[in-house]
Amino acid sequence: MNQPGPASGRTSAPTAGGPPDDPAVRAWRNLGILMHERGDRRAEVTEALGMSFFRVKALRRLAAAPEPLTLRGLADRLVSDRPYVTLVVDDLVERGLVERTENPADRRSKLVTVTDAGRAVAEEAERILSTPPAALYELPPEDLAVLDRVAARLVADA
């Protein structure tokens with residue numbers, strides 16, 4: 001659902017920001033407040049795991065990858081530059097959360113694999129980050145059901 005449909009009367013997305021009386025703009029702003037201000041678990045996860053959120057993000061990407069990633073592949077997934085990702089991986093190696101091995105397909109590159117300890121830390125990060133904000137539990141069940149249905153539709157259409 002990248003473009004507003006005919007039911008909205010619009011055939012293309014509004015310009016950045018959009019008018020404040022646009023329900024889509026209001027919904028997006030409210031979701032942003034809920035996710036980034038009231039439900040932001042980044043501080044909680046960094047404190048619990050003792051590492052920066054970027055390191056947590058890198059570890060989660062590695063744990064979710066179906067196979068080991070090259071440093072370049074990890075940098076691409078993190079939308080970051082390789083030198084910085086190399087420093088992050090060095091730290092994760094020192095912590096025993098990932099291993100770096102030679103890439104059999106290209107001896108010039110290294111593969112990064114999550115260790116069992118790293119997988120456990122990534123799972124704890126997922127547990128913390130996936131905890132819904134209290135405000136969701138305070139909604140009446142019928143409102144929560146509507147929100148769940150709408151969110152599922154938006155995710156499925158993406």
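D22 lies in the segment before α1 (23-38), where helices are DSSP runs of H or I of at least four residues, strands are DSSP runs of E of at least two, and both are numbered from the N terminus. At 5% relative accessibility, D22 counts as buried; buried means under 20% relative accessible area, exposed over 50%, and partly exposed in between (1.4 Å probe, protein chains only). A polar atom of the D22 side chain lies 2.8 Å from the backbone nitrogen of A24.

The model is predicted: local features need pLDDT of at least 70 and side-chain atom pairs count only at pLDDT 80 or more, whereas totals for chains, interfaces and linings use all residues. Residues are numbered from 1 along each chain as its sequence is written, and side-chain values use heavy atoms, with hydrogens and water left out.

Helix α3 (residues 53-64) has 12 residues and reaches 16 Å from its first C-alpha to its last. This is close to the 16 Å expected at 1.5 Å a residue, the expected span being 1.5 Å times one less than the number of residues. Its buried residues are F54, R55, V56, A58, L59, R60, L62 and A63.

One aromatic pair is counted, under the rule that rings of Phe, Tyr and Trp (its six-membered ring) pair if their centres lie within 6.5 Å; planes under 30 degrees apart count as stacked, over 60 as edge-to-face and the rest as tilted. The rings of F54 and Y84 have centres 5.1 Å apart and planes at 50°, so the pair is tilted. The pair links distant parts of the chain, with F54 in helix α3 and Y84 in helix α5 (residues 82-94), 30 residues apart. F54 is buried, at a relative accessible area of 19%, whereas Y84 is partly exposed, at 33%.

## Strand pairing around β3

Strand β3 (residues 110-114) runs antiparallel to β1 (residues 69-70), to which two bridges join it. Strands pair if DSSP finds at least two bridges between them. Five bridges join β3 to β2 (residues 98-102), also in antiparallel orientation. V112 in β3 is the bridge partner of L69 and of R100.

## The chain as a whole

The protein chain has eight helices and three strands, in the order α-α-α-β-α-α-β-β-α-α-α. Buried residues make up 27% of its 158 residues. Among contacts (heavy atoms within 4.5 Å) between residues at least 6 apart in sequence, 47% join residues at least 24 apart.

Terms used:
Polar contact = N/O pair within 3.5 Å; in protein donor to acceptor, adjacent residues only side chain to side chain.
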